[in-house]
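These are my notebook entries on a set of look-ups in one structure.

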Amino acid sequence: MRSGLNLRHIESFRAVMVAGSVVGAARLLNVTQPGVSRTIGLLELRLGYALFERRGRRLVPTAEAEALHREIEQIYRGIERIGQVAQDIRFQRAGALRVATLPALAQGLVPRAIARFLVPRPQVTVFVQSLPSRQIAELVSTRQFDVGVVELPLSRPAIEIEPLPPARSMAVMPAGHPLARKRVVSIKDLGGERMILLSQHSYVRYLIDDAFSSAGVAAQVVVETPSSSMACALVAAGAGLTLVSRWTAEPFAGPELAVRPLKEMLESRYGIIFPGAQPRMALAAAFAEDLRACMTDGARA
């Protein structure tokens, strides 16, 4: 059997419990005292039991009233929590962000940007996944991810694309390789070297092949891979040398691997994408700013 309670009944009852009297409840609610009394009387009628004992001008809660009040307070705390969460989301103190990034940037740049993004937002959570650029575009366009970091050029409807600063290509080699003694490596230096290059369908591979042709040297390609991170791992394993963007190469630089700038201005192009045809999520826009800041700081280093 339905009790027929409404929000006015609950507010009046809670106000009486908090204030301890009908007079105090009327002040809290900014209504008349008789109005509160009538509401409480109607509430008791609909519940089928007394909530208060009248002792002169005082109202003493019954055991049933105390039990009901405990339940109502839980609901009000939940409502207050919702209000706080709403404000936290507004000011980017809470919420969740779904980020997709291409593997080439998943080892260094994007993790640094996420860490930077989280510092002033301790209540925000991030889900991040590494995927090919075209798959990222598909998932962002269908709003399964809030923001994506992809390789350009890329064309797909239902997304917004913002180019990121281009990344210079770097030569990656074992630390003991003779070319590691050079401060800058040229394409001609790589003639005759065993090379690990990106797959031929890649835009960067097209630029590399063109650079070798212009320099009049042939690339001795021993391994091809669509993953620039895999190319660096293959260098570490001793399979050869590679050319990748600085953001891919930097996490691998260390005692075992040397990373040197390429004399020729070969650049990888990246972009950040958002779902199209809708207001941009505030957290996604903030992440994009932090990503750009990480790239700017890295370029100065």
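**Entry 1: I187**

I located I187 in the loop between β7 (167–174) and β8 (194–198); helices (H or I, at least four residues) and strands (E, at least two) are DSSP runs, numbered from the N terminus. The model is a predicted one, in which local features need pLDDT of at least 70 and side-chain atom pairs count only at pLDDT 80 or more, while totals for chains, interfaces and linings use all residues. Residues are numbered from 1 along each chain as its sequence is written, and side-chain values use heavy atoms, with hydrogens and water left out.

Is I187 buried or exposed? I found a relative accessibility of 0%, so I187 counts as buried; buried means under 20% relative accessible area, exposed over 50% and partly exposed in between (1.4 Å probe, protein chains only).

I then listed what I187 touches, leaving aside residues up to four places away in sequence: A211, F212, A215, V217, L243, L262, E264 and L266. Contact means heavy atoms within 4.5 Å.

**Entry 2: aromatic rings**

My search of the whole structure returned 3 aromatic pairs. F13 and F52 form a tilted pair, with 6.0 Å centre to centre and 50° between the planes. Because F13 lies in helix α1 (residues 7–19) and F52 in strand β1 (residues 52–55), this pair ties together parts 39 residues apart in sequence. Rings of Phe, Tyr and Trp (its six-membered ring) pair if their centres lie within 6.5 Å; planes under 30 degrees apart count as stacked, over 60 as edge-to-face and the rest as tilted. Both F13 and F52 are buried.

**Entry 3: charges over rings**

I recorded the charged end of R246 over the ring of W247, 4.6 Å from its centre, and that of R280 over the ring of F274, 3.7 Å from its centre. The criterion is NZ of Lys or CZ of Arg within 6 Å of the ring centre and within 35 degrees of the ring normal.

**Entry 4: α2 and α3**

Helix α2 (residues 22–29) packs with helix α3 (residues 33–47) at about 105°, their axes 8 Å apart. Axes are lines fitted to C-alpha atoms, for helices over the stretch in contact, and angles run from 0 to 180 degrees between N-to-C directions. I noted that V22, V23, A25 and A26 of α2 make the contact with Q33, V36 and S37 of α3.
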